[in-house]
Each structure stands twice: as structure tokens, then as C-alpha cells.
Amino acid sequence: MNNNLKNIKKLNISKPLLLDCKQTVKDFPLAYETYGELNKSKDNAILVFHALTGDQFVAGINPITKKEGWWVTAVGPGKAIDTNKYFIICANVIGGCMGSWGPKEIDKKTNESYGLSFPVITIRDMVKAQEALLDHLGIEKLLCVTGGSMGGMQALQFCATFPNRTFSAIPIACSTSHSAQNIALNELARQAIMADPVWDKGKYLKKNVQPKNGLAVARMVGHISYLSEKGMQEKFGRKLQEKADYEFSFNADFQVESYLRHQGYTFVERFDANSILYITRAMDYFDLSRQFKGGLLEAFKNQKTKFLVISFSSDWLYTTKENKDTVIALNASGADVSFAEIKTDKGHDSFLVNEPEFLKTLKGFIDSMHIKFKK
Amino acid sequence: MKKEFKVIIDLLPKNVRVLDVGCGDGSLMNLLIKEKNIEARGLELVEENVKKCIYKGLSVIEGDAETELYQFPSQSFDFVVLSQTLQAFYNPEKVLKDLLRIGKSVIISIPNFGYWKVRTSLLFFGKMPVTKTLPNTWYNTPNLHMCTIKDLFHFCLEKNIKINKVIGVNEEKTSEIKIGNLEIKNLFSKLGIFLLS
């Protein structure tokens, strides 16, 4: 794990935050990054929410990993979310491990990493913590909030919790609650980590180690679920990895095995295993309808926000049907909602890769919203 | 502006909520917003059209009116507009019922199969008519349930659907259709526009 997180932007959240687990916290760090410039009329701010394994480094080069930002396909100069035109903000979620308050941070009471003594947080907690950042940046109303997967859930949660703080919202490839299948896949990831003896009930950081094997398997599970069956077949098929024949061993004979191992073991360099436990838990607990007495109808009542829900045809993690259910709920509440399904073989990952039809839709919506918001 | 759109716009009061079913590239929605300050929403099947609407900043949901009208709550719109697509549904009766459930009023336009040019085409040439409003041939037409103004008129009477106004449109002019002039207007109108509730 890279611990060189001193030179990144951090905001100390001093306002007490009541978490869903009933604990109140204050004076904790929220790491964030911004791109582009806030204009004088402050009508060009876009808050991007990251997904499970993302971080605040949306565009350009991630200063910690030295790799491209996770949404470099969509965000940058001249891109769909144009940094020449818009001011883009992204914060590392609480529970994460890129500088925000999370299980690997030091608990001032014990002078040790929190580990499992870190409170179980929710999507709503994440979003509430980020509201303070808007106050800090002096933004009363955002032009747009957006994000894919868990980022999309945060966008929905943000609109439900702060209905007047954004003009528009683009929840991408997500749902208003986690399905049994999604919970099951997350449980698989958690069990992989917890079954690694190095994990040691979350206390591994005291020995300055990571449960790499468990974390890598957790990442592999995720990667399978982000691709579509067809996409995987086309990319890998039964192709062998730099060899002419089977090795009759358990080495990575197939390209798909090699790919998964690579994804798994590069991931452990940049992510904390306990963070995966906490963030997946937050996703599983997510159920907007539970937060309001009248269910989803109440969650989206009196929304002035203009929504665009986007799904991908080959996404089996957050299916078009689930995304449409969000649209139906918004419609039933009388909210202003648009919906588009992008036809692609790239699965759930479609929002992260270069998918021209998706990027055009994203750009078209944001630019048209900016014109409306300026009025 | 298309004559049909002009009639539809004239039928609508200002500042109401309208759902445009099969809204295409959003041309009508744009006009409704500009001319009548209407809160317009669209439902559209064709992905390319959905995107065109989104680029224009219009609110549109990608979906099939045949199967997805259930998502709109009852009486959630003042008006629902369906322009020249009723005949293309597998079950137009079910769709029409849904439209009447969603909207307090419904505006439907149909290409009139009773138009004289259509009739003469079949009578004199013995072939399925191909006209400006019905440009497809028999094997590739999306129109499964062609009907005449008279057919829809009688259908509404039979099903106890209230006909508030019917307007016939042809090359020269638009005119109101009543039970008294139904026969003649059914012969000379290319398009029938019904205001129902």
C-alpha cells in the first residue's frame, strides 16, 4: 500500500456528522480533488461520485498510482465532461483508503489504525460527508451530480437527501437498492478477504501487511461481474497465455486467468482490504425506499432536479430493468426524468471505457442542462 | 410547421403537463414548450431519437409504448399526445385505454384510410395504397391496424370514450368533424385528429 497521501487535498470536516449506525463523528478528513475552474456565477460545478474501487482522482494522472484517473475517458479538456468548461469535484468516500476517513486511518484514541473498530458506514453517510465539501468550496447549487455503479447510488442518495443542491443528476448503471445477486457477489469478495489468514480480524495493518491473496480474489470476483459474457468471450475466448499447449498445471494457462490474476494482484498495491469490507457493506445496506416512510415515492417527492438515468444493455450487475425501476419511481413521484439504454457488449464497465454513444449522451445532456441552468 | 402540429398546439391550453408518446426527435415537444410554455415529457422507442431529444435538453424516456405505459401514474398528465402511431400497435385498444388512464385528455392523430385517394388507389388499381401519409408498401408497413376517421369515431362511441373534438386535415385546410358531416369529411381528410377524454 502506498501511504504517500500527505500532499493531496484534504478537508477537515469539523461539523458533527450523525452516522446511520447512530455514532456521531467530527474532525475527520475528506480527501478530494478538483479539475477546471469554478466560474464567477458558480453555475458550472459538477460533483462526481466514485465507485467501489475508485478514488478522487477522476482525470489526468493519479498522483499516487501514477496511472490515468479512473474516468479519464469522460473527464478532461474537450471530453464529455469538459474541464475547460466545467468545475469538477470528486471526493474519496469515507470508508475509503485514498486519504479520507477510513479503516486504515489512525484512531486518535488508540493511536492505531481503526481496522474493524471503524463504524459501519452507509451510502447516505458518504454523501452527507461530501455536502460539507460543497460548503467549503462555496457552491450552493451544483450544475450536476453524476457517477456510475456505487457513484450512481450516491447521486440518487444526494438528490433524495439534498433535493435543492443540484440542478441535474445522471445516475449511471445503478439501482435504488442492492439486489440479492449483488449482495451475494459482495459477500463473496468479503469472505475471500476474511478467509485470508493475514487478514487477522482486520488487524493486519499493525504488522504492516495486507491480506493480498484474499484481496486479489475479491477483486477478481468484481472483475468478472463488470464484464459481459459476450465481451469476455470475444476478448479472451479459450486463448492460451503465451503458450502453445496446456501445461497440465494450475498456472495461468488461459488468457482470462492471467488477466484476472493481473487485475487482482495489481489492485492490492493500491487498495486496503478493510476498505473493501466497509464499502461493499455500505452498498449492500443501500435501499432508498427504507429511508422514507412512503418508500421511493417519498424519496423523490418534490424533486426539481432533472434526471437522466443511463443503463447498458449487457450490464448484468445493474440491469436495464433495475435502472428502469429507478425511472419508474422517479416518474411516479412526478420528477423530471429521462432515460437512455446504451447498446453495448462492454457490460457494467461500459461507463469507464471509451463507449462513444454513452459519452455523446453524457455530453449532450450536461451541455443542455448548463444552458438551462444559466437561465 | 407541420399542419398536424399546428392543430395539436391549438388544441392545447398554456402551462399544462403533456406526455408525447412516440415523441420522435422532439420537434413537437420543442414547439409545445416554446409556444405554450408546456411542461413536456416524451416516450420514444428509437434510441437515435432519444439521444436527439436529450441533446436538446428535452425530457425523454427510452421505451416501448406498447408495453411500458404502465410506468406512468394515473391522471399524471393533463394531456397525452399520440401522433400517427395508434395503428402501429399490436393492441391499439389497450394502448388507448392506457393513454386515457394517464392523461386527463388524450389527443390522437391517425392517417385516414378512408381518404379518397386511398380508396381510389384500392378501387382502381387493386393495390394497397401508397401515399404521402402512408409511404410504406404492404410488406414493410409498420401499420398493423389501419382505420378510418369513421372507424375511430364509432369505436369511441362504442367504448364510451368521450369525443370532445375531431378535426380533419387535408392539403388545403383543417375543419371540424361532427357526426353530421362525418361521411364527407371521412372522404376528404388525410388525417384525423381526435381530442378525447
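Mentor: Ground rules: it's a predicted model, where local features need pLDDT of at least 70 and side-chain atom pairs count only at pLDDT 80 or more, while totals for chains, interfaces and linings use all residues. Residues are numbered from 1 along each chain as its sequence is written, with chains lettered from A and ligands numbered from 1 in the order in which they are written.

Trainee: Why are H3(A) and H4(A) called roughly antiparallel?

Mentor: Helix H3 (residues 180–195) and helix H4 (residues 212–226) of chain A pack at about 165°, with axes 7 Å apart. Axes are lines fitted to C-alpha atoms, for helices over the stretch in contact, and angles run from 0 to 180 degrees between N-to-C directions. Angles under 35 degrees count as roughly parallel, over 145 as roughly antiparallel, 65 to 115 as roughly perpendicular and the rest as oblique. So H3(A) and H4(A) are roughly antiparallel.

Trainee: What makes up their contact, by class?

Mentor: Ten nonpolar, three polar and no charged residues. Nonpolar covers Ala, Val, Leu, Ile, Met, Phe, Trp, Tyr, Cys and Pro; charged covers Asp, Glu, Lys and Arg; the others, Gly among them, are polar. Contact needs C-beta atoms, placed from the backbone, within 7 Å.

Trainee: And what makes H1(A) roughly perpendicular to H2(A)?

Mentor: Helix H1 (residues 123–137) and helix H2 (residues 150–161) of chain A pack at about 70°, their axes 9 Å apart. That angle therefore makes H1(A) roughly perpendicular to H2(A). Their contact has five nonpolar, three polar and two charged residues.

Trainee: Why is A:Lys22 called exposed?

Mentor: A:Lys22 has 7 other C-beta atoms within 10 Å. The cut-offs are 20 or more for buried, 12 or fewer for exposed and partly exposed in between, with C-beta atoms placed from the backbone. So A:Lys22 is exposed; its place is the loop between strands E2 (17–18) and E3 (24–25) of chain A.

Trainee: How do you know that E14(A) is largely enclosed?

Mentor: Five of its seven residues are buried, so the rest of the structure largely encloses E14(A).

Trainee: What makes E13(A) and E14(A) a pair?

Mentor: Pairing takes at least two DSSP bridges. Strand E13 (residues 306–312) of chain A and E14(A) have seven, in the parallel sense. A:Lys306 stands opposite A:Asp336 in E14(A).

Trainee: How many residues of chain A are in contact with chain B?

Mentor: 21 of chain A, with 15 of chain B. H11(A) gives the largest share of chain A's side, eight residues.

Note on methods:
Two residues are in contact if their C-beta atoms, placed from the backbone, lie within 7 Å. Helices (H or I, at least four residues) and strands (E, at least two) are DSSP runs, numbered from the N terminus.
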